[in-house]
Amino acid sequence: MDKSLDQKLARIAADPTCNDFILADAKDPDLAFGLMGPGPAAADQRHRYRTLDEFRDIIREIVDRKLVDIMLMSASTNEILTIDERIFDDSPVTPAARANDTTDIWFAPGSHYRHQPSLPFSSTTIDHIQSGKYECRDVERTQGANLGLYSITLNNDAPRDSLTLNHYKQFRLEAEQKGFRHFLEVFAPNALVHPVEDVASYVNDCIVRLLGGVTRAGRPLFLKMPYFGPAAMEALVRYDSSLVVGILGGSAGTTMDAFRMLADAKKYGARVALFGRKINFAEDQIAFIGYLRQLADGTITAEEAVRAYHGDLQTLGKTPHRELADDLQITHCPI
């Protein structure tokens, strides 16, 4: 079946000003948060978490309802849902897997990894994502996902950053050799070794520099990065019209935080949003993603979406995390 991701990327390439917007769900928290990764079991049970089986059931439902363009998973979940169950074969949703898990996303409670400058690391391989095993035959590469997320975090330190970029280079070369597509996530510095005056400009300039040496055969399909605000987004989009820029969701926050971020980012040039915790910690993920989709399509405002979402929760008999007035507040301001 034709994938909505490929259709939208083709239209965006033909006309960067078109209305198409790519929505992705990041269902890969088992690579970051440990037992807390699947999220709370219920709104009134914030310290009791879903099982991995329950978590995967939610993925199955979201894919079945065709609510997103990309479903990002860990390699182990990708093996079960993409390779074993084949849930994406007759779906417009594209399966993807996290291709690396750098130390700054090791969020196990009590750990201090995320407070140290990021180091490159990968639990999986391209072969495992594509086929579920190492050293697969070319004919087996179509069994699993053929799209991966590769993430980097630069901290203004030449030795560490060159190591990070060399690992990304080796990944790109292998991906090109094996016909594996990827999108690139560039985090804000997690532990700057040397201070920078403007983090948003630093990240933008690092992206431009690292992609300057990459030809089309090795370039990412699109970027995933923090939303630093209108000026930073417009500057990057304006620099290279062929670059498809996307935003990451970050921490859960209020419902208005999520809805307003997507609407604003699209207004200033973003063409992709990949939300993880904002979706995973929602009272009702199906309803929440439904409004993200409407916001992405430009058929509703952020405030209207928050109010309508609370109305849905009431109809569903689900207790909201916050009262409506509190959930309409913006608690996260882009840099």
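Modeller: Happy to! Let me start with contact, which here means heavy atoms within 4.5 Å. Of the contacts in the protein between residues at least 6 apart in sequence, 68% join residues at least 24 apart. The model is predicted, so local features need pLDDT of at least 70 and side-chain atom pairs count only at pLDDT 80 or more, while totals for chains, interfaces and linings use all residues. Residues are numbered from 1 along each chain as its sequence is written, and side-chain values use heavy atoms, with hydrogens and water left out.

First, the setting. The protein has 12 helices and 10 strands, taken as DSSP runs numbered from the N terminus (helices: H or I, at least four residues; strands: E, at least two). Its radius of gyration is 19 Å, close to the 20 Å that the globule rule gives for 335 residues, so the protein is as compact as a globular protein of that length. That radius is taken over C-alpha atoms, and the rule is 2.2 Å times the number of residues to the power 0.38. Buried residues make up 52% of the 335; buried means under 20% relative accessible area, exposed over 50%, and partly exposed in between, with a 1.4 Å probe and protein chains only.

Now to your glutamine. Gln 285 is found in helix H10, residues 285–297, and it counts as buried because its relative accessible area is 6%. Leaving aside neighbours within four places in sequence, Gln 285 is in contact with Lys 27, Arg 50, Ile 58, Ile 62, Ile 279 and Asn 280. Two of these partners also make polar contacts with Gln 285, side chain to side chain: Lys 27 at 2.8 Å and Asn 280 at 3.3 Å. A polar contact is a pair of N or O atoms within 3.5 Å; within protein, one must be able to donate a hydrogen and the other to accept it, and residues adjacent in sequence count only if both atoms are side-chain atoms.
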